[in-house]
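Work through the exercises below with the sequence and the model open. Try each task before reading its solution.

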Amino acid sequence: MNVLLTGANGQLGRCLVDRLQQNDRFKFTALDRQSLDISDIDQVKAIVADTEHDIIINAAAYTGVDKAETDVENARRVNEIGAANLAEIAKNLGVPLIHVSTDYVFDGHADKPYTETDSTGPTGVYGQTKLAGEAVIQSICPKHIILRTAWVYSEYGSNFVKTMLRLAETRDELNVVEDQTGCPTYAGDIADTILKICLGISTDTKWGIYHYVGAIQCTWAEFARTIFREAETLGILARKIVVHGIPSSAYPTQAERPKYSVLDCRKVVNAFDVLPIELKQSLPRMLEAFKRQQD
Ligand SMILES: NC(=O)c1ccc[n+]([C@@H]2O[C@H](COP(=O)([O-])OP(=O)(O)OC[C@H]3O[C@@H](n4cnc5c(N)ncnc54)[C@H](OP(=O)(O)O)[C@@H]3O)[C@@H](O)[C@H]2O)c1
């Protein structure tokens with residue numbers, strides 16, 4: 001299968017590249033933002049005219065949740081226009097588009113896991129532009145899989161796990177939000193899931209929206225405690241860090257965070273035989289990969 005991957009330098013993009021390299025069922029072209037700006041339709045057309053692909057995977061996005069509040073046009077350009085450009089190209093080529101979206105399309109006021117048919121209601125610009133991206137893909141490109149995920153971490157880029165480890169270099173105690181609940185999701189597991197979806201696509205495939213997150217739900221404070229425990233076990237951290245749970249109100253951010261971000265994954269499990277992975281399996285794999293980078 002010949003894959004065109006956009007956003008190849010992000011957390012998810014790099015995890016996808018690692019796995020595409022190791023799987024001889026795929027050939028791929030991986031393009032970072034410098035090689036292809038998805039918001040530029042002429043660039044998108046030129047790249048696609050040059051190469052042949054069976055599927056497009058979009059890992060590119062404007063992901064600055066707080067910055068988006070004051071940088072609305074740029075967020076919209078990438079998350080909506082960029083998504084529309086790729087959808088147009090995928091439709092013209094007759095190939096599927098696999099696109100990644102977010103829990104931020106919901107308002108976070110639920111008290112049970114969100115399903116794909118639950119009402120959306122983003123509270124900030126990032127979520128609004130990601131939701132608009134979903135909508136344009138649905139209206140333009142019949143063969144699409146939109147995979148919503150949340151709380152993404154990996155050995156690459158910036159994320160909560162790496163921030164916690166960095167703060168632990170100089171602090172013995174940390175205050176971490178404990179009134180937001182979600183499912184930490186390793187980008188490596190999302191990448192594995194996407195590749196399994198690619199290989200599972202058939203004439204029976206039900207196109208549309210799917211949810212995929214890690215198997216364990218927790219608060220950010222609980223996640224931080226787990227990170228420090230695992231990092232100590234793996235010898236990444238030499239001492240104990242005390243985590244104090246605080247309310248979101250004590251840690252104001254420009255964009256409101258969803259209080260509850262748990263996504264129900266039964267649809268993707270049933271359709272593509274993939275599994276949400278336990279944090280105790282994925283976090284050590286990410287930390288080991290991170291440790292190898294440091295050595
Ligand atoms: N991170 C999370 O916690 C989270 C949660 C839920 C859903 N998601 C979704 O998961 C997907 C992957 O996120 P991620 O964590 O891997 O994000 P990321 O690390 O920020 O990667 C996004 C990549 O997109 C690239 N990009 C930005 N604008 C572009 C453009 N116009 N054309 C081409 N590439 C462009 C960025 O380029 P530069 O490297 O040059 O900046 C970056 O490499 C996104 O759809 C995101 O919305 C993420």
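**Exercise 1. The ligand shell**

Which of the 23 residues around the ligand come nearest?

Solution. The model is predicted. Take a cut-off of 4 Å between heavy atoms for the shell. Then pick out the nearest residues: Leu12, Asp37, Thr63, Tyr126 and Lys130. Next, sort the shell by class. It has 12 nonpolar, 7 polar and 4 charged residues.

**Exercise 2. Polar contacts and burial**

Solution. Start with side chains. A polar side-chain atom of Thr63 sits 2.6 Å from a ligand oxygen. For Tyr126, a polar side-chain atom is 2.7 Å from an oxygen atom of the ligand. Now the backbone: an N or O atom of Val100 lies 3.1 Å from a ligand oxygen. Last, the area. The ligand taken alone exposes 900 Å², and the protein buries 84% of that.

**Exercise 3. Elements around the ligand**

Which elements give two or more residues to the shell around the ligand?

Solution. They are helix 1 (11-22), strand 4 (97-102) and helix 4 (125-140). Strand 4 provides the largest share, 3 residues.

**Exercise 4. A helix pair**

Describe how helix 2 and helix 3 pack.

Solution. First, geometry. Helix 2 (residues 41-50) and helix 3 (residues 72-93) pack at about 30°, with axes 10 Å apart. Their crossing is right-handed. Second, the contact. Ile41, Val44, Lys45 and Val48 of helix 2 meet Asn85, Leu86, Ile89 and Leu93 of helix 3. Third, class: this contact has 6 nonpolar, 1 polar and 1 charged residues.

Notes:
Residues numbered from 1 in each chain as written. Predicted model: local features only at pLDDT ≥ 70, side-chain atom pairs only at ≥ 80, totals over all residues. Heavy atoms only, no water. Polar contact = N/O pair within 3.5 Å; in protein donor to acceptor, adjacent residues only side chain to side chain. Areas by Shrake-Rupley, 256 points an atom, 1.4 Å probe, with all protein chains shown as cover. Helix = DSSP H or I, 4+ residues; strand = E, 2+ residues; numbered from the N terminus. Nonpolar A, V, L, I, M, F, W, Y, C, P; charged D, E, K, R; others polar. Axes fitted to C-alpha atoms, helices over the stretch in contact; angles between N-to-C directions. Left-handed = near helix turned anticlockwise from the far one by under 90°. Contact = heavy atoms within 4.5 Å.
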